[in-house]
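Thank you for asking me to look over this model; my comments follow as numbered points, to be read beside the sequence and the structure.

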Amino acid sequence: MTIYLLRLGELTLKGGNRREFEEVLKRNLAARLRGTRAKINTSAGRFYVSCDEDKENTVENILDHLLGISGWAKTRKTGKTIDEVFHACIEEAKSLARNGIRTFKIEARRTDKSFPLDSYGIRRDAGEAVLNTVPELKVDVQNPQAVINVEIRERAYIYSMSKKGQRGLPVGTAGRGLLLLSGGIDSPVAGYMMAGRGMHVDAVYFHAYPYTSDEARQKVVDLAGIVGLYSMGVRLYVIGFTKLQVRIKERAPQAWTTVLLRMAMMECAERLAKMKKIKCLITGESLSQVASQTVENISCTQSRITLPVLRPLIGMDKDEIIKTALRIGTYQTSILPYEDCCVLFSPPHPIIRGDVSEANELYEKLELDELIQEAIHEAEVEKCGFPENR
Ligand code: ATP
Ligand code: MG
């Protein structure tokens, strides 16, 4: 039997709501663990997960994707002799040293008073045993890089919080948002970030077959699957946008096509969101990253809708966004070469600072209403990254 100890993240700051947040975290974790026969125990604000050894990889993968915990540790469970406890401390210390840790201290707690050392004695003697065996490590009581914890209960438990968690808040504590998900680098990161504020994320992808290929569609499904691993599943709506794109190309001045297409996407996404009782939209926009993302053009793209548009990447630079994409595992899929529809239709000299009233005049001439209605009616739904039964 292996035991994991979880450290709760920001939700510990929630005061009176803490219990509710803990309940959601527990529900999410239980849904992910379904079929592994792993068990969750909670006591004194702590979460423990116990599982059979052959399920360790599965469980660790689940903990790595769980929003709402700041860290987790695999505990070493031993018998209650001094030799066994010290041996486990040394093994833990070696593993810390291998991960670049240089300073440590030992914390000890003893509920079983029959153990021959008291907690002060454990700290002192186990610390010395580590110092004698692991030359890379030094004690730093004030500000150690790692703490090795020893708990003597019905058995002895030794752990250090060696793995960082995803942090954030448990998904399901902040309502539902509709992510405009393209095959690019940015929007999957945006979805992940809002999931990390507790939001359930559904997604909409505007597909322009045959201008964009089935591979491009599959790429978005795959990205939704990865975001879904964090957000407890993404319901992805795939909406055919070819007729709208063709209409825009026929009726609008070339320089305006990108802004008008974005306006149409926003309007369509909002209608879908309202049908599904979703309360906000989410995009991967980052200020000035591309021509359509100036303040003026953003004003145009949101001028026809009333739902709030959350743009978690708005102040991030591309390097930071890529770093997050690499860490959460979307980057490799995002950089696959399949073009998205906007690239194929984008004009050589797009409008950089669109005027809102001019944009709306042009937009009304497109008469998109029925086309949008029809596109939503024909939307296909895919469930991506939901908890599975094992
Ligand atoms: P991304 O990397 O997310 O594609 P981007 O830097 O390419 O972003 P744009 O192409 O200007 O930026 O798109 C801005 C935002 O509009 C995207 O982050 C996404 O939220 C949304 N978007 C763009 N194209 C689509 C599409 N085909 N389907 C759904 N949403 C889209
Ligand atoms: Mg894009």
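**Notes on the model**

1. Histidine 207 of β11 (200-207) stands opposite glycine 240 in β12. The model is a predicted one, and this pair belongs to a parallel arrangement in which five bridges join β11 to strand β12, residues 234-240.

2. On its other pairing, β11 runs parallel to strand β10 (residues 176-180), and five bridges join these two strands as well. Arginine 176 has histidine 200 in β11 as its bridge partner. The chain passes from β10 to β11 through helix α5 (residues 186-195), and this β-α-β crossover is right-handed. A right-handed β-α-β unit is likewise made by β11, α6 and β12.

3. How much of β11 is buried? Seven of its eight residues are, taking buried to mean under 20% relative accessible area, so the strand is largely enclosed by the rest of the structure.

4. Helix α6, which covers residues 214-231, has 18 residues and spans 25 Å from its first C-alpha to its last, close to the 26 Å expected at 1.5 Å a residue. Of those 18 residues, 13 are buried, so α6 too is largely enclosed by the rest of the structure.

5. The peptide geometry on both sides of α6 deserves a look. In the loop between β11 and α6, where proline 210 is placed, a cis peptide bond joins tyrosine 209 and proline 210, with omega at about 5°. Just after α6, methionine 232 takes a positive phi of about 65°. Such features stand out because most residues other than glycine have a negative phi, and most peptide bonds are trans.

6. Arginine 37, in the loop between α1 (18-33) and β2 (39-43), has a positive phi near 65° although the residue is not glycine; at 57% relative accessibility, arginine 37 counts as exposed. Glutamate 367, in the loop between α13 (356-366) and α14 (369-377), is likewise not a glycine and has a positive phi of about 50°; at 55% relative accessibility, glutamate 367 counts as exposed.

7. Where cysteines are concerned, a search of the whole structure finds zero disulfides. Are cysteine 51 and cysteine 300 buried or exposed? Cysteine 51 counts as buried, because its relative accessibility is 0%, and cysteine 300 is buried with a relative accessible area of 0%.

Note on methods. Residues numbered from 1 in each chain as written. Chains lettered and ligands numbered in written order. Predicted model: local features only at pLDDT ≥ 70, side-chain atom pairs only at ≥ 80, totals over all residues. Heavy atoms only, no water. Helix = DSSP H or I, 4+ residues; strand = E, 2+ residues; numbered from the N terminus. Expected span 1.5 Å × (residues − 1). Buried < 20%, exposed > 50% of the residue type's maximum accessible area, 1.4 Å probe, protein only. Disulfide = S-S within 2.5 Å. Pairing = 2+ DSSP bridges. Right-handed = clockwise from strand over helix to strand, strands pointing away.
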